[in-house]
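Hi,

Here is the structure I said I'd pass on.

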Amino acid sequence: MSTPHSKTQFTEQDIQKLNKKYKPLSACQRIITLYQDFDLDEIMLTSSFAATSAFLLKLVSDVNKNQEVFFIDTGYHFDETLDYKEKLKAVYGLNVKSIGALKEEHLFTLKDETWKKNPDFCCSINKVRPLDILKKQYNIWVSGLMKWQSDHRSTLDIFELRGDILKFYPLLDITKESRDAYIKKHNLPFHPLVAKGYHSIGCKHCTVPGEDRSGRWNNNPKTECGLHL
């Protein structure tokens, strides 16, 4: 749809056509079709290497081994998350690249303990800003969001325009039961903290055990880090 790294201006009609085309497809078919409709260098894939990240990463790696996977290294991840990232990288032959905040900005949040008093600002510095810089280079952002994960996510379509990038959620209408069945059938490795009751895993300061996303930003109405809003 575009030349490499040129920004495509998607119209509402373009997005409606894509949603109509992709909605009847399975998650795997959606990913296959994406690489038919768009060039590899238009597509950005991010992964948090959290609870069940292996689900989307296996599907993508089965279709296109050349896809880069961007990991936002906040500097506050659990050691288990970093170990899980290396495990999935080896198992699926992933091309993982880490991005992060400017060193001095990250150090400010470390000394200030910003996550305690203003978690939105901490997320903005360590997650949102680094990705905003990266997004300028791509037209499509592939993400593993699913409707059942939160109220916000339940309102989404498979393709959604977010600023000047088109979000693509191939797993959007996958049920929790279908996801778990796929994970079991293919013996996908879970994040090691899942066995300890963590079902949504972010930075260690802001994550406690809990069902779905209830363990994130505990005692705070916040449910999203800001990346997907």
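How far apart are the end C-alpha atoms of helix H7 (residues 119-135), and what should its 17 residues span? The ends are 22 Å apart, which agrees with the 24 Å that H7 should span at 1.5 Å a residue (the expected span is 1.5 Å times one less than the number of residues). Helices (H or I, at least four residues) and strands (E, at least two) are DSSP runs, numbered from the N terminus.

Before the rest: this is a predicted model, where local features need pLDDT of at least 70, side-chain atom pairs count only at pLDDT 80 or more, and totals for chains, interfaces and linings use all residues. Residues are numbered from 1 along each chain as its sequence is written, and side-chain values use heavy atoms, with hydrogens and water left out.

Now the rings. Phe, Tyr and Trp (six-membered ring) pair if their centres lie within 6.5 Å; planes under 30 degrees apart are stacked, over 60 edge-to-face, the rest tilted. That gives ten aromatic pairs. Tyr22 and Phe168 have ring centres 5.7 Å apart and planes at 75°, so they are edge-to-face. Tyr22 is in helix H1 (residues 12-22) and Phe168 in strand S6 (residues 165-168), 146 residues apart. Tyr22 and Phe168 are both buried (under 20% relative accessible area; exposed is over 50%, partly exposed in between; 1.4 Å probe, protein chains only). Ring pairs also link Tyr22, Phe159 and Phe168 into a cluster.

Phe49 and Phe71 make an edge-to-face pair too, because their planes are at 75°, with centres 5.6 Å apart. Both of these, Phe49 and Phe71, are buried.

Cheers
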